Amino acid sequence: MPFGDFYANRIYPGVSAALSWLGSPFGFSLTEWVVIAAVVAVPWIIVRSIVRKKPWWRCLLGEAGLLLAVILWFYLGWGFNYLRSDVYTRLGTIPTPYEEAEFQEFMDIFARELNENWCDARDVDREAVERHVKAWYAELPPEAGLCKPRAWHHPKRLAFNRLYSGVGVLGFIGPFFDEMHVNADALPVEYPSVFAHEYAHVLGVSSEAEANFWAFEACRAAESQAMRYSAWFSLLNSTGGNIRSLLGEEAWQAWWAGLIPEVKADVEASQLHWMQMRWPWLSRLQHNMYNAFLRGNGIAEGTRNYGQVLRLVLSFSDLHGHEDGHGEE
């Protein structure tokens, strides 16, 4: 992966800074309109060729040129990050092997942190979230391989927010101008973690599991109780299925019983919130397409990569033997 690392460390920081700066005066998503323009251009090229009575191969050449331009822009602007070394390689370590005793210790911490950090966060100070997340990412060591935050990085408004809610997308990076997007329907308890996750992508992280990990660590380190709760709540949302499989049904039910009613209510409210807005057939189509896209770009687990954050937490977090529930260093 030498080229991927060269791109991520030498080329992407400058390209990202330039593209995001160019797009910063616009509060709305430029990526959405680039995609719309490309989609509209496809029939326009065909109609234009017919009206001007151009040969079919000229039309085909025009379509191929458009497709090539969009693909090149995507990969030069952000997509080559898929070719970089994984976080274990960058940090010079290997994944921690599964040990039942250590995992049980982690699950005890997990339940305690959820219960102790719960708060009725009906609203969240989004500016405070942005300040903390940017400051935290700015302090990461160079070997982490992330770009430095920029003052002009802010979430962009989405023109088609309802569409993303319908397919269960809480946020995404816009690769054409390295923009970050957070779904406006994200619940207050979800917002800090989604913001930190998408910002990790802007800073050059391609792996969904790694973005989840950095988001978890950034929010866990916050002074804000709402942000700390968001870290653990989002970790539960992204790894609940994995944990249930590892523990077995009986142990999972016992662990779940140890959570306070307020945490359980938040989990159920989040599930209901997104289920009510989801368009099942379109959601399945989007899931399958994105799964294929991730696999095609070197993420072998596809969409299951989101849940691999648990392995990163067990490998890199300072949770074992850590008595301070706030996760401060």
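## How α9 and α10 pack

In this predicted model, helices α9 and α10 are roughly antiparallel to each other, because the angle between them, about 150°, is over the 145 degrees that counts as roughly antiparallel. Their axes lie 7 Å apart, and the crossing of the two helices is left-handed. If you want to find them in the structure above, α9 covers residues 208-220 and α10 covers residues 225-247.

Which residues meet where α9 and α10 pack together? From α9 come Asn212, Phe216, Cys219 and Arg220. From α10 come Met227, Arg228, Ala231, Trp232, Leu235 and Ser238.

## Threonine 239 in α10

Staying with α10, let's look at threonine 239, which has its place in this helix. Is threonine 239 buried or exposed? Threonine 239 is buried, because its relative accessibility is 0%, and the cut-off for buried is under 20%.

## The nonpolar cores

The largest nonpolar core holds 71 residues, and the members that touch the most others are Phe106, Phe110, Tyr137, Trp214 and Trp255. Which element gives the most to this core? That is α10, with 9 residues.

Another core, of 6 residues, lies apart from the largest one. Among its members are Leu158, Tyr164, Val167 and Leu282.

Notes: Residues are numbered from 1 along each chain as its sequence is written. This is a predicted model: local features need pLDDT of at least 70, side-chain atom pairs count only at pLDDT 80 or more; totals for chains, interfaces and linings use all residues. Side-chain values use heavy atoms; hydrogens and water are left out. Helices (H or I, at least four residues) and strands (E, at least two) are DSSP runs, numbered from the N terminus. Buried means under 20% relative accessible area, exposed over 50%, partly exposed in between (1.4 Å probe, protein chains only). A nonpolar core is a set of buried Ala, Val, Leu, Ile, Met, Phe, Trp, Tyr and Cys residues joined through side-chain atoms within 4.5 Å. Axes are lines fitted to C-alpha atoms, for helices over the stretch in contact, and angles run from 0 to 180 degrees between N-to-C directions. Angles under 35 degrees count as roughly parallel, over 145 as roughly antiparallel, 65 to 115 as roughly perpendicular and the rest as oblique. A crossing is left-handed if the near helix is turned anticlockwise from the far one by less than a right angle, and right-handed if clockwise. Contact means heavy atoms within 4.5 Å.
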